[in-house]
Amino acid sequence: MKVKLPVVIKNEIVDKKHVFETEEKEFDVDMSLACQMRWETKFPELAEKETVIDYATRTSNLKSQNAAVILSKLKFLYCLFDTEMSFIQFVKMFDFTNEKYVKGLLDRIQEIFSLVMGSSSEKN
């Protein structure tokens, strides 16, 4: 399955004007056991407490737009995507200062959570 997220491609001041541009980036979703392995490798302190699916279930219900909640949700997405990027590189694709962008990003993240969590509950 493939999903798209809005990523920031330009965020700079040009001729005293703020230029903010985004594009859709496509990611392949991997819900195999490799997702859990990435979770354990990338976030061992969290993996000691819960599985990646348990973490996703818990964080999917958080509605806040603060950076901590967004980062929590991005951790799950990062483990869904089989990518060579570090987590820091992944997070740098997103901007938390543009309110309109953050709202759109959170809406898209929620869609992905619903899609993936719906898929995982159908398997049980």
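Colleague: Which residues in H3 meet H4?

Modeller: In this predicted model, Val52, Tyr55, Ala56, Thr59 and Ser60 are the H3 residues that meet H4. On the H4 side they face Ser72, Lys73, Lys75, Phe76 and Cys79.

Colleague: And by class, how many are nonpolar, polar and charged?

Modeller: The contact of H3 with H4 has five nonpolar residues, three polar ones and two charged ones.

Colleague: At what angle do H3 and H4 pack?

Modeller: At about 145°, and their axes are 10 Å apart. H3 covers residues 52–60 and H4 covers residues 67–80.

Colleague: Left-handed or right-handed crossing?

Modeller: H3 passes H4 in a left-handed crossing.

Colleague: Back to Ser60. Buried or exposed?

Modeller: Ser60 is buried, since its relative accessible area is 10%, and the cut-off for buried is under 20%. Ser60 belongs to helix H3.

Colleague: What is Ser60 in contact with, leaving aside its neighbours within four places in sequence?

Modeller: Lys73, Gln110 and Phe113. Lys73 is also one of the H4 residues that meet H3.

Colleague: Where does the charged end of Lys73 sit?

Modeller: Over the ring of Phe113, 5.9 Å from the ring's centre.

Colleague: Now rings. How many aromatic pairs does the structure hold?

Modeller: There are 13 aromatic pairs. One of them joins Trp39 and Phe43, with ring centres 5.7 Å apart.

Colleague: Why is the pair of Trp39 and Phe43 tilted?

Modeller: Because their planes are at 50°, and tilted is what remains between under 30 degrees for stacked and over 60 for edge-to-face.

Colleague: What about Trp39 and Tyr55?

Modeller: Their ring centres lie 4.6 Å apart, and the planes are at 45°, so that pair is tilted too. Trp39 is in helix H1, residues 33–42, while Tyr55 is in helix H3, so the pair ties together parts 16 residues apart in sequence.

Colleague: Which residues form the aromatic cluster?

Modeller: Phe27, Trp39, Phe43, Tyr55, Tyr78, Phe81, Phe87, Phe90 and Phe94 form one cluster.

Colleague: And what lies over the face of Phe27?

Modeller: Lys25 does, at 5.5 Å from the ring centre.

Methods
Residues are numbered from 1 along each chain as its sequence is written. This is a predicted model: local features need pLDDT of at least 70, side-chain atom pairs count only at pLDDT 80 or more; totals for chains, interfaces and linings use all residues. Side-chain values use heavy atoms; hydrogens and water are left out. Axes are lines fitted to C-alpha atoms, for helices over the stretch in contact, and angles run from 0 to 180 degrees between N-to-C directions. Helices (H or I, at least four residues) and strands (E, at least two) are DSSP runs, numbered from the N terminus. A crossing is left-handed if the near helix is turned anticlockwise from the far one by less than a right angle, and right-handed if clockwise. Contact means heavy atoms within 4.5 Å. Ala, Val, Leu, Ile, Met, Phe, Trp, Tyr, Cys and Pro count as nonpolar, Asp, Glu, Lys and Arg as charged, and the others, Gly among them, as polar. Rings of Phe, Tyr and Trp (its six-membered ring) pair if their centres lie within 6.5 Å; planes under 30 degrees apart count as stacked, over 60 as edge-to-face and the rest as tilted. A charge sits over a ring if NZ of Lys or CZ of Arg is within 6 Å of the ring centre and within 35 degrees of the ring normal. Buried means under 20% relative accessible area, exposed over 50%, partly exposed in between (1.4 Å probe, protein chains only).
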